[in-house]
Amino acid sequence: MHKVLMEARERFLNIYANLPLNLRNEIVLVLEGEPLTWNAAYIEVKNNTRKGTEILKKLDEMGFI
């Protein structure tokens, strides 16, 4: 995995770990017309999927992570 994506992944996982449980069900991003909660994003990022990579890129671009 590219170094920039690895750093984004680490930031995402750190932020996710510190989110209150009730906020993890809130929508964080709409990707390809599909709203994603923090929980859904976490699953994709954790499993290193293509969608997880796109999530990291978008959240990084928006300054969320």
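## Fold and secondary structure

A helix is here a DSSP run of H or I that spans at least four residues, and a strand is an E run of at least two. Lys 3 belongs to such a helix, α1. The model under discussion is predicted.

The protein chain contains 3 helices and 2 strands. Read from the N terminus, the order of these elements is α-β-β-α-α. Helix α1 covers residues 3–18, and the two strands are β1, residues 27–31, and β2, residues 34–37. Helix α2 takes in residues 38–46, and helix α3 takes in residues 50–61.

## Overall dimensions and surface

The radius of gyration of the protein chain is 11 Å, which agrees with the value near 11 Å that a compact globule of 65 residues would have. Along the principal axes, the C-alpha atoms occupy a box of roughly 30 × 25 × 20 Å. Of the contacts in the protein chain with a separation of 6 or more, 46% are between residues 24 or more positions apart.

Buried residues make up 32% of the 65 in the protein chain. With regard to charge, the protein chain carries 9 positive and 9 negative side chains. The centres of these two sets are 4 Å apart.

## The β-hairpin

Strands β1 and β2 run antiparallel and are joined by 4 bridges. Two of the residue pairings can be named. Ile 27 is placed opposite Thr 37 of β2, and Val 30 has Pro 35 of β2 as its bridge partner. The two strands form a hairpin, with 2 residues between them.

Glu 32 is located in the loop between β1 and β2. Its phi is positive, at about 55°, although Glu 32 is not a glycine. Most residues other than glycine have a negative phi. Glu 32 counts as exposed because its relative accessibility is 61%, and the cut-off for that class is over 50%.

Lys 3 lies in α1 and counts as exposed, since its relative accessibility is 61%. Between Lys 3 and Thr 37, which are 34 residues apart along the chain, the C-alpha separation is 25 Å.

Glu 10 is also a residue of helix α1. With a relative accessible area of 54%, Glu 10 is exposed. The C-alpha atoms of Glu 10 and Val 45 are 10.0 Å from each other, while the two residues are 35 positions apart along the chain.

## Asn 25 and Asn 39

Asn 25 is situated in the loop between α1 and β1. The relative accessible area of Asn 25 is 54%, so this residue is exposed. When residues up to four places away in sequence are not counted, Asn 25 touches Thr 37 and Asn 39. Asn 25 and Asp 60 are 35 residues apart in sequence, and their C-alpha atoms are 20 Å apart in space.

Asn 39 lies in helix α2. It is partly exposed, because its relative accessible area of 24% falls in the class between under 20% for buried and over 50% for exposed. Asn 39 touches Tyr 16, Arg 24 and Asn 25, again not counting residues up to four places away in sequence. The C-alpha atoms of Asn 39 and Asn 25 are 6.2 Å apart, and 14 residues separate the two positions in sequence.

## The loop between α2 and α3

Asn 48 is found in the loop between helices α2 and α3. Its phi is positive, at about 55°, although Asn 48 is not a glycine. The relative accessibility of Asn 48 is 45%, and Asn 48 therefore counts as partly exposed.

Definitions and conventions. Residues are numbered from 1 along each chain as its sequence is written. This is a predicted model: local features need pLDDT of at least 70, side-chain atom pairs count only at pLDDT 80 or more; totals for chains, interfaces and linings use all residues. Side-chain values use heavy atoms; hydrogens and water are left out. The radius of gyration is taken over C-alpha atoms; the globule rule is 2.2 Å times the number of residues to the power 0.38. Buried means under 20% relative accessible area, exposed over 50%, partly exposed in between (1.4 Å probe, protein chains only). Contact means heavy atoms within 4.5 Å. Lys and Arg count as positive and Asp and Glu as negative; His and the chain ends are not counted. The place of a charge is taken as NZ of Lys, CZ of Arg, CG of Asp or CD of Glu. Two strands pair if DSSP finds at least two bridges between them.
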